[in-house]
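Q: Could you walk me through how this chain is put together?

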Amino acid sequence: MPGDWGRSVVTIGVFDGVHRGHQRMVRRAVALAEHLGLPSVVITFDPHPDEVVRPGSHPPRLTTARHRTELLGDLGVDAVCVLPFTLEFSHMTPDEFVQAVLVDRLHAAGVVVGENFRFGHKAVGDVETLRQLGEKYDFVAEGVPLVSNGEAISSSLIRRWLADGEVGAAAEALGRPHRVEGVVVRGHQRGRALLGFPTANVESPSFTAIPADGVYAGWLECTQSPSPYEGQRWPAAISIGTNPTFEGVERTVEAYALDRDDLDLYGVHVVVDFAVRLRDTVKFDSIEALIEQMRRDVDEARRLLSE
């Protein structure tokens, strides 16, 4: 932290997805900071604490660390601290965490967390623990319900929706379409050479939350700089699955930018946003039947996205 960092208002959480519940909590912290005339700070963690405490249990990730930080910044916070979550860190008692992070480094005047917040070794601390430590170290603490329109929201619930292909429900809870990002790699190139629909084969980072196999309507956007396509966003038909018509075994995410067969995106970082699920993945009896269905998928994607 900067040596001259003064007092601040802090909010703490993994914030995977930065969903509407998270947004409510962060906005409360920003409002409290503005009331006190102090900067607002988000503390988040990387990697996910579950992977450190229970190796092999890393949940599917709704947002990359960079995207999460961008979303938090859009909510008006002044700073984001991404703390490396280590086994040693997980063994800190609630008092040690509060003193080392909130008091000694961030000089917290206020701390806002979710009402189900747990912290400290073996998650022994809760919101009431935080309030008691606030009295000891001179800060106020409050817990905020992670709800939207009166309904509880959690990252785990959104992951379940995505696993079932319910991208519309996930988007409603997130406040935006679910996003998968990665680098475009070379696949079998059937889309361009055989099917007439050249697709971007997106290789995403480990633990990315990929929706269920199926065909979706959404958007493909180039985010890499420099690139001739930087900032361009195209309506897209998106396929997730193993390409069963061709006896495939590797699960892929492929996006076809509607009516664009001139794009060269190999090696470029892109994002894919999911709007609507069109259908399940199906094995077709012939390539001709597959092509005919793809034409219908593209027409339906175009119609839905234009609305």
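**Domain interface and barrel**

A: In this predicted model, domain 1 and domain 2 bury about 660 Å² between them, with carbon and sulfur atoms giving 58% of that area; buried area here is the accessible area (1.4 Å probe) that two parts lose on being put together, summed over both.

Q: Which residues of domain 1 lose the most area to domain 2?
A: Those are Arg61, Leu62 and His67, which together make up 60% of what that side buries.

Q: And where do the domains run?
A: Domain 1 covers 8–144 and domain 2 covers 178–305, with bounds that come from an automatic or database domain assignment. Residues are numbered from 1 along each chain as its sequence is written; local features need pLDDT of at least 70 and side-chain atom pairs 80 or more, totals for chains, interfaces and linings use all residues, and side-chain values use heavy atoms, leaving out hydrogens and water.

Q: How many salt bridges are there between them?
A: The count is zero, a salt bridge being a side-chain nitrogen of Lys or Arg within 4 Å of a carboxyl oxygen of Asp or Glu.

Q: Switching topic, what is the strand order in the barrel?
A: Six strands close it in the order β8-β9-β12-β11-β10-β13, with antiparallel pairing; strands are DSSP runs (E, at least two residues) numbered from the N terminus, and two of them pair if DSSP finds at least two bridges between them.

Q: How many bridges join β9 to β12?
A: Three bridges join β9 (residues 200–203) to β12 (residues 252–257), and asparagine 201 stands opposite glutamate 254 in β12.

Technical notes:
Helix = DSSP H or I, 4+ residues; strand = E, 2+ residues; numbered from the N terminus.
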